[in-house]
Amino acid sequence: MISELIGTASLGESGFTYVLNAENQIVAYSDTAQIRDLQALEDYPPVAYLREGTLGPVGFIDPQGQSWQAKSGLLANGWAVVTQVPAAELEA
């Protein structure tokens with residue numbers, strides 16, 4: 001149900017949102033194709049920044065070399081919402 005709710009938000013052509021539990025496991029997401037490629041989330045830049053206390057916006061380059069901008073929100077239960085959009089789409 002949460003995936004359905006966040007899946008309705010438009011984030012350009014390639015942006016997406018995901019919800020993490022306190023163990024950095026994805027529990028909801030807006031784009032299956034994008035989420036499928038995420039590995040080792042504790043080391044994934046927006047998640048690592050989030051857990052260090054930086055909620056964003058933050059810029060980072062993914063393992064495929066694509067530049068992104070991300071913004072995170074932290075919930076009281078330790079869960080988080082992360083939204084990321086390719087930097088090129090933001091600049092366009």
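Predicted model: local features only at pLDDT ≥ 70, side-chain atom pairs only at ≥ 80, totals over all residues.
Residues are numbered from 1 along each chain as its sequence is written. Local features need pLDDT of at least 70, side-chain atom pairs count only at pLDDT 80 or more, totals for chains, interfaces and linings use all residues, and side-chain values use heavy atoms, with hydrogens and water left out.

**Exercise 1. Determine the order of the strands in the sheet and name its edge strands.**

Step 1. Strands are DSSP runs of E with at least two residues, and helices are runs of H or I with at least four residues, numbered from the N terminus. Two strands pair if DSSP finds at least two bridges between them.

Step 2. The open sheet has 5 strands in the order 2-1-5-4-3, with antiparallel pairing.

Step 3. Strand 2 (26-29) and strand 3 (58-61) each pair on one side only, which makes them the edge strands.

Step 4. Strand 3 pairs with strand 4 (residues 67-74) over 4 bridges, in the antiparallel sense. Phe60 stands opposite Trp68 in strand 4.

**Exercise 2. Find which residues have the most contacts inside the largest nonpolar core, and which elements supply the core.**

Step 1. A nonpolar core is a set of buried Ala, Val, Leu, Ile, Met, Phe, Trp, Tyr and Cys residues joined through side-chain atoms within 4.5 Å. Buried means under 20% relative accessible area, exposed over 50%, and partly exposed in between (1.4 Å probe, protein chains only).

Step 2. The largest such core has 13 residues, and Tyr18, Leu20, Tyr44 and Val47 have the most contacts inside it.

Step 3. At least two core residues come from each of strand 1, helix 3 (45-52), strand 3, strand 4 and strand 5 (80-86). Strand 1 gives the largest share, 3 residues.

Step 4. Contact means heavy atoms within 4.5 Å. Leaving aside neighbours within four places in sequence, the contacts of Leu20 include Ile26, Val47, Leu50 and Val82.

**Exercise 3. Explain why the buried residues of helix 3 line one face.**

Step 1. Pro46, Val47 and Leu50 are the buried residues of helix 3.

Step 2. Seen down the axis of helix 3, these residues fall within an arc of 100°, so they line one face of the helix. The arc is that of the directions from the helix axis to the C-beta atoms.

Step 3. The cover over the buried residues of helix 3 includes strand 1, strand 3, strand 4 and strand 5.
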